Amino acid sequence: MAMALATAFVILLVAAAPAAYATQYVVGDSAGWTNFGTDYGTWASGKTFAVGDTLVFNYDSSTHKVAEVSQSDYNSCSASNAVQTYSDGSTTISLSKPGSMYFICPTAGHCSSGMKLSVSVVAAATPTTPAPPSGSTTPAPPSGSTTPSAGTPPTTRAASPPPPAGNGAASSFCNMYSLILGSLLILALMG
Ligand SMILES: [Cu+2]
């Protein structure tokens with residue numbers, strides 16, 4: 001029993017780990033993708049959509065579809081040039097690049113009555129490597145570097161600079177956190 005629970009927790013942990021980095025947004029929340037008065041502009045406002053996040057459209061596929069369209073087609077509620085149309089009733093869209101994405105329901109009258117969604121996708125928040133300082137002068141090579149001549153004992157070299165610290169610190173922190181959390185949960189269960 002304890003073993004099974006521990007296993008379940010490990011699975012849960014593995015499944016939950018990516019959630020720290022990507023968010024899944026259910027469009028319209030519990031209302032889903034519908035033409036019954038959900039304002040998708042309001043739903044989207046205040047949310048930050050980042051590359052790697054996903055949108056989930058839940059809808060009655062006998063009535064609605066999801067069409068990804070251009071901005072102008074979004075404005076004019078035209079689905080005739082849709083980039084992609086989905087009709088499976090539960091559509092997951094991965095936000096794969098920064099920029100705006102536009103979705104409408106192609107069913108006649110639905111888009112014009114508000115069944116349309118635009119999202120602005122920002123680049124994923126990853127630990128960025130510091131940019132080189134702009135306009136700085138390139139450091140001059142160390143003067144007086146001696147080349148050891150043959151026959152003389154080698155001169156001691158200057159100590160190499162320590163490796164840059166902090167790269168990937170955020171992700172390793174997340175991993176560490178997951179590990180500790182998982183261990184605690186398993187210990188709590190088995191103990
Ligand atoms: Cu519709």
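Tutor: Let us begin with pairing: two strands pair if DSSP finds at least two bridges between them. Helices (H or I, at least four residues) and strands (E, at least two) are themselves DSSP runs, numbered from the N terminus. The model is a predicted one, in which local features need pLDDT of at least 70 and side-chain atom pairs count only at pLDDT 80 or more, while totals for chains, interfaces and linings use all residues. Residues are numbered from 1 along each chain as its sequence is written.

Student: What makes S1 and S3 a pair, and in which sense do they run, parallel or antiparallel?

Tutor: S1 and S3 are joined by 3 bridges and run parallel; since a pair requires at least two bridges, the label applies. One place to look is Gln24, whose bridge partner in S3 is Thr54.

Student: Which strands form the open sheet of 3 strands, and what makes a strand of it an edge strand?

Tutor: The order of that open sheet is S1-S3-S6, and its pairing is mixed. S1 and S6 (90-94) are called edge strands because each pairs on one side only, where a pair again means at least two bridges found by DSSP. Neighbouring strands in this sheet are turned by 20 degrees against each other on average, direction ignored (axes are lines fitted to C-alpha atoms, for helices over the stretch in contact, and angles run from 0 to 180 degrees between N-to-C directions).

Student: What is the order of the open sheet of 5 strands, and which are its edge strands?

Tutor: The order is S2-S8-S7-S4-S5, with mixed pairing, and the edge strands are S2 and S5 (84-86), each of which pairs on one side only.

Student: What makes a group of residues a nonpolar core, and which members of the largest one touch the most others?

Tutor: A nonpolar core is a set of buried Ala, Val, Leu, Ile, Met, Phe, Trp, Tyr and Cys residues joined through C-beta atoms within 7 Å. A residue is buried if 20 or more other C-beta atoms lie within 10 Å of its own, exposed if 12 or fewer, and partly exposed in between, with C-beta atoms placed from the backbone. The largest core has 21 residues, of which Val27, Phe57, Val66, Ala67, Phe103 and Ile104 touch the most other members. Strands S3 (54-58), S4 (66-69), S7 (99-104) and S8 (116-122) each supply at least two residues of this core.

Student: Which residues is Phe103 in contact with, beyond its neighbours within four places in sequence?

Tutor: Phe103 is in contact with Val66, Ala67, Glu68, Lys116 and Leu117, a contact being two residues whose C-beta atoms, placed from the backbone, lie within 7 Å.

Student: Why is Asp39 called exposed?

Tutor: Asp39 has 11 other C-beta atoms within 10 Å, and the limit for exposed is 12 or fewer, so the label follows. Asp39 lies in the loop between S1 (24-26) and H2 (40-44).

Student: Are Asp29 and Cys77 exposed or partly exposed?

Tutor: Asp29, in the loop between S1 and H2, has 10 other C-beta atoms within 10 Å and is therefore exposed. Cys77, in the loop between H3 (71-76) and S5, has 18 C-beta neighbours inside 10 Å and therefore counts as partly exposed. Asp29 has a positive phi of about 50 degrees although it is not a glycine, and the phi of Cys77 is near 60 degrees.

Student: How much confidence does the predictor assign to the model?

Tutor: The average pLDDT (the predictor's confidence in each residue, from 0 to 100) is 75, and 54% of the residues score at least 70. Over residues 145-156 pLDDT stays under 50, and the model has 3 contacts beyond four places in sequence for them.
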